[in-house]
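This briefing looks at aromatic rings and their surroundings. Please keep the sequence and the coordinates open while reading.

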Amino acid sequence: MRNFRKLATALMLISFIFATAAPAMAAGLADITSIQGGNGGMAKGNASTIYFGNYWQSYKGSGATDAKESYNYEGIKWRVLSNGSGKTSLLSDQGLYADQFNSTSVTANKNVWGDDANGISSEIRTTLNNTTADSGFAGDAFNAKEYAAIADTTHAAGGSHDNSTVSSTDKIFLLSIEEAMNPDYGFANGTGTTPTREMTATEMAKNVKMYGNSSTALVTDGTSYWWHRSPGSTAVSEYYIDNDGHSYVGSVTDGYRTARAALNLNQ
């Protein structure tokens, strides 16, 4: 009996150690089988990464370089920007495909990311959130179970134009310029050059024109450019990050900048 009590006590202690040593993870994430561990801990501010969803990324080594089928459909790596307060905020580690913010066919509000009230939506927002396979990112990257785990996020566009206060509710989105200067997310404050905002594009993004875009991702000195959802100072300009992490404002029709996707997961 005495030995049995000692064994029971030891087992309880071991269970306690494993429970307290487990990395902090959002409760809802345990139901998503495609989430794989990254560099540990589900921390925040780019200190941790996870894999969620799948997309065409690395080259298989054979096949036409301008066809997405020649690239491996593999887990998407995400940086954990924050983890707490009911959500886990993620930003794709790389630029996943090149796209215009809006094309020349858009006749008004070219720099508006999205406005649910008036039905205005940028082309890049529409493509990111399109759930039809081969027609949009959400449909190509997430299965039904994964998509259901993505939270609806309501936010303003940010930026410096009258349209900066326009609000939208999204599953998949781009960071605002203000979010890309948030030290809590691991970025340097201010709009200047910084490696904290530098980003590479996937091999697929550099070689394949997706969703009707006429361009592939531009690469300069090994790094690429990524869009924000924030309008610039004119009706046809939008904020973006250049290859060395500097924030600029450019034409919404430039198709060589990438969609660096962001989302929030339900906890």
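Tyr-59 is partly exposed, with a relative accessible area of 31%, where buried means under 20%, exposed over 50% and partly exposed in between (1.4 Å probe, protein chains only). The model is predicted, so local features need pLDDT of at least 70 and side-chain atom pairs count only at pLDDT 80 or more, while totals for chains, interfaces and linings use all residues. Residues are numbered from 1 along each chain as its sequence is written, and side-chain values use heavy atoms, with hydrogens and water left out.

**Aromatic pairs**

- The structure holds 17 aromatic pairs, a pair being rings of Phe, Tyr or Trp (its six-membered ring) with centres within 6.5 Å, called stacked with planes under 30 degrees apart, edge-to-face over 60 and tilted for the rest.
- Tyr-59 and Tyr-71 make a tilted pair, at 5.4 Å centre to centre and 55° between the planes.
- This pair links strand S1 (residues 49–59), which holds Tyr-59, with strand S2 (residues 71–84), which holds Tyr-71; strands are DSSP runs of E of at least two residues, numbered from the N terminus.
- Tyr-71 counts as buried at 2% relative accessibility.

**Charges over rings**

- Lys-68 lies over the face of Trp-56, at 5.2 Å from the ring centre, the criterion being NZ of Lys or CZ of Arg within 6 Å of the ring centre and within 35 degrees of the ring normal.
- Arg-260 lies over the face of Trp-226, at 4.6 Å from the ring centre.
- Trp-56 also belongs to an aromatic cluster whose members include Phe-52, Tyr-55 and Trp-78.

Terms used:
Helix = DSSP H or I, 4+ residues; strand = E, 2+ residues; numbered from the N terminus.
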